[in-house]
Amino acid sequence: MNGNFLWGSATAAYQCEGGWKEGGKGLSNWDVFCHSEKNNVNPVTGDIACDHYHRYEEDIRMMAEGGQNAYRFSIAWTRILPEGTGEKNQEGIDFYNRLIDTCLKYKIEPLVTLYHYDLPQPLYEAGGWENRKIVDQYLDYAEICFKEFGDRVKYWITINEPNYETLCCYGFGNYPPNVQNLERRWRAMYHMMLASARASAAFRERKLPGMIGLVSDSYPIVAGKDTPEGLRAAHMADLFFNLSVNEVCVKGAYPRDFIEQLQADGYDISYMFKEDEAVFEKGTVDYLGINAYNRYIAEPPQGPETILDVNNTGDGKKKRFQIGGWFCLGEDPDMEKTPWGMEICPRSIYDLLMELKRLYPDTPVMITENGVGNYDEVTDEGVHDPYRVAYLQGYVDWIGKAIEDGCDVRGYFVWSTMDVYSWINGYKKRYGLVYIDYDSEDLRRIPKDSYYWYKNTIEEKGRTCYG
Ligand code: BGP
């Protein structure tokens with residue numbers, strides 16, 4: 001196998017580490033939210049999660065034994081700076097040094113996400129990403145990480161999913177601060193993009209070896225109807241989900257029609273300063289991380305109102321998604337869906353990659369997450385997850401085809417390394433290659449069929465177009 005292509009899997013700190021009050025860690029907005037009354041959909045916490053904080057070596061060893069050569073994880077800001085700003089916490093730095101060194105010991109390339117949803121509580125209380133001050137605070141935090149870990153980490157990620165996170169926080173309202181207000185959403189997202197641009201430029205100024213990127217949840221968009229209204233809806237969905245992030249971090253500027261739409265919606269955009277334009281220009285990414293899960297079918301909106309429903313219970317019920325004045329999402333009744341309503345359509349990754357190649361021919365892509373959540377079960381012979389194997393196989397094959405057709409894809413990461421806390425979906429929605437028996441005292445790890453499938457696939461595909 002050619003060793004250049006990264007074959008890995010991914011996690012995020014709050015979802016797997018546990019140790020929520022250990023090692024001098026401060027509280028994050030997720031720690032506080034999960035312990036509050038607002039956490040009433042699946043009322044569980046990440047206090048212990050997979051106990052990766054203590055069991056990371058076992059997890060990394062299993063990755064290596066499964067043929068993986070890369071691990072994407074996130075740093076908890078609250079372990080490095082317990083209050084979000086101020087004094088750094090050496091115990092937290094030591095933990096990530098151990099994690100990185102263990103990766104290297106097992107010949108696993110670390111990909112480090114600086115921010116994956118968990119915000120220090122004091123910063124959250126000061127307005128979180130809505131408050132422009134966070135841009136400088138994030139930069140200070142990022143600089144500490146570059147300084148402490150930059151000698152060994154070659155792949156950095158500034159921010160995970162500015163789009164999806166803010167949609168949950170301010171659209172669906174199922175993540176803290178649990179509000180439905182898109183005007184506030186766009187403001188928070190703008191500051192994330194600005195912070196990411198500042199960190200990317202700062203990383204390059206340090207002349208460290210390696211690359212820095214942003215992880216964007218991006219979606220292949222299909223127009224439900226081939227009419228002028230249908231095509232407009234598809235473009236508006238593209239702006240909403242993809243271009244509002246990707247154009248900014250890859251090309252260094254906001255699309256003009258996106259800004260015009262915010263103005264047409266009557267939103268205050270005075271937080272967009274003229275001098276920020278130079279920051280975006282200078283702070284473009286070295287590569288684009290893509291979290292690939294599903295595609296969207298866009299239709300003209302059926303009315304002026306915004307309706308944002310979400311399925312966090314896996315009850316199979318249909319939910320509505322409409323952004324007034326922009327588009328609504330349709331459905332193909334013939335396509336298979338998960339109990340959480342996610343359409344299974346592996347071939348759509350090919351369309352997305354070809355579109356990214358067309359738009360951004362000089363920017364390499366890394367598939368930083370791809371996976372499917374389901375209710376897995378342990379049997380006497382292990383964990384059989386044929387639905388996951390089929391889904392991942394489809395994606396790997398279509399990504400391979402895109403590579404053959406000229407897309408510069410540098411790596412592929414399964415979400416997730418092992419079962420993790422699935423945010424507001426709790427623990428029953430499992431994505432892992434490795435099953436976690438949450439009821440056992442030692443949080444027993446059991447490789448699923450998909451783990452062995454991935455091991456074989458890495459061996460086989462490593463000899464083909466990949467790498
Ligand atoms: C992505 C997130 C991950 C992960 C995954 C699955 O959006 O980056 O953190 O959780 O989606 O989503 P969920 O767990 O909500 O089903």
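Trainee: Where is Ser416 placed?
Mentor: In this predicted model, Ser416 sits in the loop between S15 and strand S16 (434-436).

Trainee: And what is the geometry of the peptide bond from Trp415 to Ser416?
Mentor: That bond is cis, with omega near 10 degrees. The peptide bond from Pro176 to Pro177 is also cis, and its omega is near 15 degrees.

Trainee: Where does Pro177 lie?
Mentor: Pro177 belongs to the loop between helix H8 (162-172) and helix H9 (182-205). Asn178 is found in the loop between H8 and H9 as well, and it has a positive phi of about 55 degrees although it is not a glycine.

Trainee: Why pick out these cis bonds and positive phi values?
Mentor: They are picked out because most residues other than glycine have a negative phi, and most peptide bonds are trans.

Trainee: Is Lys207 buried or exposed?
Mentor: Lys207 counts as exposed because its relative accessibility is 72%, a value over the 50% cut-off. Asn178, at 23%, counts as partly exposed.

Trainee: Changing topic, what does the side chain of Asn39 reach?
Mentor: It reaches the backbone oxygen of Cys34 at 3.0 Å and the backbone oxygen of Val44 at 2.9 Å. Asn39 lies in the loop between helix H2 (29-34) and helix H3 (52-65), and it counts as buried because its relative accessibility is 5%.

Trainee: What else is in contact with Asn39, leaving aside neighbours within four places in sequence?
Mentor: With those neighbours left aside, the contacts of Asn39 are Phe33, Cys34, Val44 and Ile424.

Trainee: Then Ser216, please. Where is its place, and which side chains make polar contacts with its own?
Mentor: Ser216 is in strand S5 (residues 211-217). Its side chain makes polar contacts with the side chain of Ser218 at 2.8 Å and with the side chain of Asn246 at 2.7 Å. Ser216 counts as buried because its relative accessibility is 0%. Beyond its neighbours within four places in sequence, residues in contact with Ser216 include Val245, Leu288 and Ile290.

Trainee: What about the span of H14?
Mentor: Helix H14 (residues 386-404) has 19 residues and reaches 27 Å from its first C-alpha to its last, close to the 27 Å expected. Just after H14, Gly406 takes a positive phi of about 100 degrees.

Trainee: Which elements do the buried residues of H14 pack against?
Mentor: Among them are strand S1 (6-10), strand S7 (287-292), helix H13 (348-359) and helix H15 (449-461). The buried residues of H14 include Arg388, Tyr391, Leu392 and Ile399.

Trainee: Finally, the ligand. How many residues surround it?
Mentor: There are 15, and the closest are Gln15, Glu161, Ser422, Lys429 and Tyr431. By class, the shell has six nonpolar, six polar and three charged residues.

Trainee: Which side chains have an N or O atom at a stated distance from a ligand oxygen?
Mentor: Asn160 has one at 3.0 Å, Glu369 at 2.9 Å and Asn425 at 3.1 Å. The protein covers 95% of the 370 Å² of accessible area that the ligand has on its own.

Technical notes. Residues numbered from 1 in each chain as written. Predicted model: local features only at pLDDT ≥ 70, side-chain atom pairs only at ≥ 80, totals over all residues. Heavy atoms only, no water. Helix = DSSP H or I, 4+ residues; strand = E, 2+ residues; numbered from the N terminus. Expected span 1.5 Å × (residues − 1). Buried < 20%, exposed > 50% of the residue type's maximum accessible area, 1.4 Å probe, protein only. Contact = heavy atoms within 4.5 Å. Near = heavy atom within 4 Å. Polar contact = N/O pair within 3.5 Å; in protein donor to acceptor, adjacent residues only side chain to side chain. Areas by Shrake-Rupley, 256 points an atom, 1.4 Å probe, with all protein chains shown as cover. Nonpolar A, V, L, I, M, F, W, Y, C, P; charged D, E, K, R; others polar.
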